[in-house]
Amino acid sequence: MPSKLKNSLSLFDWRQYIVYIAFVLVLIYFSITLAEEGFMTTGNILNIARQTAMISIMGVAMTFVIASKEIDLSVGSIAALSAITTALTMQQGLGMITAIIVGLATGLAVGFVNGYLVTKVAIPSFLVTLAMMMIARGVAMWLSGTAPVPILSENYIFLFGSGSVLGVPILLFWTLLIAIIGYIVMRKSVFGRQTLATGGNETAATFSGINTNRIKMTVFMASGMMAGLAGMLYAGRLQAGRFTFGEGDELSVIAAVILGGTSLFGGVGTVVGTVIGSVMIGTINNALILQGLDVSQQMVVQGAIIILAVAFGSKKRKS
Amino acid sequence: MNHTILRMKEIEKAFNGITVLDKVNFEVKTGEVHALMGGNGAGKSTLMKILTGVYQLDEGSIEIDGEYQQFSNPSDAEKVGVSMIFQEFSLIPKLTVAQNIYLHYEPRKAFGMINDKKMVSDSRKIIADMGISISPNDLVENISLGYWQMTEIAKALSKNTKILIMDEPTSTLTKSETKTLFSIIRRLKESGITIIYISHRMDEIFEVCDRITVLRNGTNVITASCADITMEALINNIVGGSMGQSLKWIERPIKENRKPILEVKHLQSGSRVKDVSFTLYEGEILGMAGLMGSGRSETVRAVFGVDAISGGEVHVRGSKKLIFSPKEAIQEGLGLVPEDRRSQGLVLEHSVKENTILPSLGALSRRQIIQNSQADEKVEALVKKLKVKTDDIHKTVSLLSGGNQQKLVLAKWLLNDTDILILDEPTSGVDIGAKAEIVEIIREIADSGKAVLVVSSEMTELLAMSDRILIMKDGEITSSIDRKEIKGEEEVERAIQVEK
Ligand SMILES: Nc1ncnc2c1ncn2[C@@H]1O[C@H](COP(=O)(O)OP(=O)(O)OP(=O)(O)O)[C@@H](O)[C@H]1O
Ligand SMILES: [Mg+2]
């Protein structure tokens, strides 16, 4: 009977793996059609890794935010603000270590304000972080006087952007480090379980003894701090802090998270999926550039991919 | 009366290769009230979901009024006159009763505008026909849970229903609401509507049903007329053999110098809890009886730190405690099985294991990392002990049957090993066999020196396990009666009534 066949087919829940399947297909397609443009060369692959590092890093933290049924639209702006504060600290001659602390603390502080407004003042995170997106970028513009703040520290530039170890770009190490931490926290730790429970059913989580406000607070602070780190990496790569860093990144980050299989409805979150989603978007963008498409066309394709991914992913909810 | 309105033949259904229904035959006659019974996970809800097009059958056929039918969704089924009131409610709290009744079928006037007047007057007529008094203009969130059920029925009636399926309608109803429901069922029956009635409550079945079909492990074991079958035979058919334990009271010895573990003094909270005082001792099972709305659930919510306390004190192990959240309550050794498993007890999209370990994550982890092998072991053991019917501990909870979901909420707190266990309607939706087993487990817990506070609307169950029963009326504890002194259910029933 066809219905029986359908049943055994559904044993393998292919929707869960749709991103991975799609990714492999896309890779195969591009490696054939773009062989001459050098798509599969080590150089280009490392290039993709470099281009997607910041999105991946912010995506790891965003996975927790979305899994807890919240959203953070301020990450791109936080990245810019942290890049500026880090660069300014070094410009003041306070040294690299201080600058790193200031950069991360900037992200953490903005994340704290986000979390405070969401949990204590009970404003929806969409609104809080939408406003924060403007405020943070505004402050970044103001602090920098809209001019780039140059970074001269060789060490900083090596560690946070342009360096490479044994031919592997340092940005890849950063991505792996954050992804592995994120993976362990999400899949193995108490905090990860509590985050998922908070997003899955906040009332039931509270009744189980979880302080859901504390979870949300932590998640926003982590998101702010990772956005700060991403901003510092932008600064290291371009050897300056600019208020324009990370413009529109919030959308790419959310796209990567959703593409990876994390549910916008909360309760489900996969860090590995997010990184793959981010690399996938980066790979497609890279291929489109190699194919000679411009930014406008890239945007159209990226938008289309998100709709397709979410359309496939959401069918599961209904049954 | 002898015409067969529904004939389901050789129905087969498997989920992910696991058979849930195996050649089930089910026939219903026009105008009868037909009880569908069976243990948790026997396949009752699944069979009815196949009938109404929520699920598709793998094999078999469905005949309604002599015509073969197979619905691909519930609204197709409604067009032919088959409506179901699900175990889970589908009402929208922010809408009025009338808006809910006519949801998606709103009567229209010119330009496609909703005809509110007609909607309200038609609703009023349906409600009046049912013989109950709710206003069509009330917001659903403001009416009692019992009336949600009535609204669901009104919703079904608005669609010219011929066959009405009710899946455990009384699990959220008070005694008097249940009476109202039965009189509605009788009225519907008189007007020629056929009713399929799923319930775990034996007395109800014999009160309203004409015939009974019992499912066990996905097959039908018997169909009989209510007049021809004894309660005992019915139970034996449901559990498949005779019942191991029965719901009888077993007197438990009371220790001489037992200490109070939880003292509640003049507690006030919200509008429902006015002045509640009681003491719970180590090793005691304390029952709490009262009508729905008397403030029992609100009392335990306040003690557990869910609702804010506006007056009075809570003492744990002799010292005064300020408990502001469930987290703090749990740290003091309290645990609560809440009244509504779906909204308060479970994260439905998470697995059996993930749900069960949620309150115990601290104990099951080392340096913040969850020890999975240890967790699996504990969850497996509990699933076995409570006979939760699930493929494995990684199955998504929303796919479990209602009664099995309820067992998991209990499992959460059994795993947590709490000293003071508070249970709010712990066996709602649980089958008769499992109910007796759960009562036995609760006795074991108390025997080990822990204290149990049970809120239950089921007198049989409450009387079977309690050492002492508190009577709650209108936000106050009016008396505390030793179980020994209670002769029968009627005595407690009388005590909880509010005299006017
Ligand atoms: N969509 C599904 N996917 C997988 N398994 C399912 C699904 N729906 C039901 N089941 C399984 O089918 C079995 C029968 O479930 P069903 O809900 O019909 O039981 P029930 O007789 O209504 O029990 P209860 O009295 O507890 O409500 C259960 O073991 C349940 O886990
Ligand atoms: Mg059921």
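**Salt bridges, interface and cores**

Tutor: Happy to! Over all chains the count comes to 37 salt bridges, where a salt bridge is a side-chain nitrogen of Lys or Arg within 4 Å of a carboxyl oxygen of Asp or Glu. This is a predicted model, in which local features need pLDDT of at least 70 and side-chain atom pairs count only at pLDDT 80 or more, while totals for chains, interfaces and linings use all residues. Residues are numbered from 1 along each chain as its sequence is written, chains are lettered from A and ligands numbered from 1 in the order in which they are written, and side-chain values use heavy atoms, with hydrogens and water left out.

Student: Ok, what does B:Arg211 pair with?

Tutor: B:Arg211 meets B:Glu32 in a salt bridge, at 2.9 Å from N to O. B:Arg211 lies in strand 9 (residues 211–216) of chain B and B:Glu32 in the loop between strand 2 (18–29) and strand 3 (33–38), so the pair ties together parts that are 179 residues apart in sequence. Helices (H or I, at least four residues) and strands (E, at least two) are DSSP runs, numbered from the N terminus.

Student: And is B:Glu32 buried or exposed?

Tutor: B:Glu32 is buried, with a relative accessible area of 2%, and B:Arg211 counts as buried too, at 17%. Buried means under 20% relative accessible area, exposed over 50%, and partly exposed in between (1.4 Å probe, protein chains only).

Student: Which residue does B:Lys162 bridge to?

Tutor: That one is B:Asp65, with the closest N and O atoms 3.0 Å apart. B:Lys162 is in the loop between helix 5 (145–157) and strand 7 (163–167) of chain B, and B:Asp65 is in the loop between strand 4 (59–64) and strand 5 (67–68), so this pair ties together parts 97 residues apart in sequence. B:Lys162 is partly exposed at 31% relative accessibility, and B:Asp65 is partly exposed at 35%.

Student: How far apart in sequence are the parts joined by B:Asp474 and B:Lys274?

Tutor: They are 200 residues apart: B:Asp474 sits in the loop between strand 21 (468–473) and strand 22 (476–482) of chain B, and B:Lys274 in strand 12 (residues 273–281). Their closest N and O atoms are 3.1 Å apart. There is also a network of salt bridges linking B:Arg201, B:Glu204, B:Lys435 and B:Glu458.

Student: Switching to the interface: how many salt bridges are there between chain B and chain A?

Tutor: The count there is 1 salt bridge. A:Arg193 pairs with B:Glu354, with the closest N and O atoms 3.2 Å apart.

Student: Last topic, cores. How many residues are in the largest nonpolar core?

Tutor: It has 163 residues, and those with the most contacts inside it are A:Tyr156, B:Leu262, B:Phe278 and B:Val452. Helix 3 (residues 42–67) of chain A gives the most to this core, with 13 residues. A nonpolar core is a set of buried Ala, Val, Leu, Ile, Met, Phe, Trp, Tyr and Cys residues joined through side-chain atoms within 4.5 Å.

Student: What is A:Tyr156 in contact with?

Tutor: Leaving aside neighbours within four places in sequence, A:Tyr156 contacts residues including A:Thr86, A:Met90, A:Ile151 and A:Gly236.

Terms used: Contact means heavy atoms within 4.5 Å.
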